[in-house]
Every structure is written in structure tokens, then in C-alpha cells.
Amino acid sequence: NQCARKLCVHKGDIVTTINSVIENFRFASLEKSLSVHISSPESIIGWYDNDKISKIFSNLISNAIKYTPYGGGINIIILCNQDGQTTISVSDEGIGIPEDKRNRIFNRFDRIDSDGNGIKGYGIGLNFAYELALQHKGNLSYQPVDTGGSVFTLSFPTSKDRFSSDEIDETPYTQSYGLTSTQEDNADSQK
């Protein structure tokens with residue numbers, strides 16, 4: 001696939017993409033009895049790289065689940081402004097990030113282990129997500145929550161005119177709820 005490494009945007013529904021990723025994490029959130037609340041319009045049709053946005057959001061939701069204590073909550077807000085800029089915010093009730101470590105959270109291999117919490121990781125997820133956001137001509141930012149926890153906000157363009165012709169793939173992109181096309185292919189081959 002020629003689009004595997006570079007930005008490759010298709011027209012699609014961002015809300016469907018995000019719901020699909022959330023569905024893939026349903027079991028992990030149920031294991032910890034977490035409530036996941038989503039606030040979004042019914043759909044946001046725009047131009048975006050489904051693979052990159054899914055990977056960024058997967059990292060954010062995975063971290064929110066990992067750091068939110070048993071029985072806690074995760075809030076996801078998806079908005080799109082009239083200029084075609086979409087924002088996805090993920091807030092959790094986790095342990096938060098100490099003030100003296102916040103300026104390093106997007107550094108590669110710089111693992112922030114608050115108070116020796118024992119949560120495993122390699123310190124590459126947020127760096128990877130940040131780099132993908134930049135590739136998508138967007139930004140990934142962090143905001144602490146006064147009561148503990150974190151808010152990560154992904155902001156990226158979804159207007160076709162923000163992308164060059166070699167970044168646009170006019171091929172219709174088919175989306176499915178809860179399964180990626182690879183998972184569907186595997187499920188079909190097992191029938």
C-alpha cells in the first residue's frame with residue numbers, strides 16, 4: 001500500500017472510526033468497571049487518514065483505561081468546527097502527571113511513572129501518537145485536571161483543501177463498526 005507510510009486521507013465518518021476503536025477496547029474497560037461516556041454529533045464527515053487517527057486514539061483510550069482506577073470514568077468529546085478542524089478530547093480520572101514531568105510526556109522513551117504505580121510501559125506510545133498527529137497536520141496536547149487525571153486533546157484538519165493531491169485517496173473507504181477490515185477478513189476465512 002503506497003499510503004502506508006505517508007498521509008493518505010479518505011472521506012469518511014470520524015465518529016464511526018472513534019466508535020469502532022472504543023468497541024475494540026470494550027472488554028478492557030469492562031474488566032475495570034469503567035464508565036466510558038462519549039459526547040459527539042451523530043456523525044462528522046471529513047477527510048482524514050483512518051489508520052493514523054485510529055492509532056492515535058487507540059493510544060489515548062488505552063492509556064485512559066490503564067491509568068483510571070477501578071470503577072472510574074473516561075469522557076470522550078468529539079467536535080468539529082466550521083473550518084473543518086476536528087478535536088477529540090479524552091479525559092480520565094487517573095493518577096495524573098506530576099507537574100515537573102509534564103513537559104516531557106511526548107518525549108520518546110521518557111516514561112512517567114507516578115509514585116512507582118507499577119503500570120508497565122515503554123514510553124513510546126504518546127511520542128508515537130504525537131508524531132502521527134503532526135503527520136496529520138494536527139496537534140496532540142495535554143491538560144491536567146485539578147482533581148487528578150488528564151485530558152489529552154487531538155486536533156486535526158478534516159477539510160479536503162488542507163491536503164495535497166498526493167495525500168488524497170478518492171477510493172471510497174468502507175468503515176465497519178467494531179472490526180477492522182483485517183479482522184473481518186480473518187473472520188470470513190474462519191467460516
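Modeller: Let us start with a term: two strands count as paired if DSSP finds at least two bridges between them. With that in hand, this predicted model shows an open sheet of five strands, in the order S2-S4-S5-S7-S6 and with mixed pairing.

Biologist: Which strands are the edge strands of this sheet?

Modeller: They are S2 (35-39) and S6 (139-144), each of which pairs on one side only. Neighbouring strands of the sheet are turned against each other by 15 degrees on average, if direction is ignored.

Biologist: How many bridges join S4 to S5?

Modeller: In general, strands of a sheet pair through backbone hydrogen bonds, either parallel or antiparallel. Here S4 (residues 73-80) and S5 (residues 85-92) run antiparallel and are joined by seven bridges, with Cys80 standing opposite Thr86 in S5.

Biologist: At what angle do H3 and H4 pack?

Modeller: Two packed helices are described by the angle between their axes and the distance between the axes. For H3 (residues 50-67) and H4 (residues 125-135) the angle is about 150 degrees and the axes are 9 Å apart; angles over 145 count as roughly antiparallel, and the two helices are therefore roughly antiparallel to each other. Their crossing is left-handed, and the residues of the contact divide into seven nonpolar, four polar and two charged, including Ile56 and Leu60 in H3 and Phe128 and Leu132 in H4.

Methods:
Residues numbered from 1 in each chain as written. Predicted model: local features only at pLDDT ≥ 70, side-chain atom pairs only at ≥ 80, totals over all residues. Heavy atoms only, no water. Axes fitted to C-alpha atoms, helices over the stretch in contact; angles between N-to-C directions. Helix = DSSP H or I, 4+ residues; strand = E, 2+ residues; numbered from the N terminus. Parallel < 35°, antiparallel > 145°, perpendicular 65-115°, else oblique. Left-handed = near helix turned anticlockwise from the far one by under 90°. Contact = heavy atoms within 4.5 Å. Nonpolar A, V, L, I, M, F, W, Y, C, P; charged D, E, K, R; others polar.
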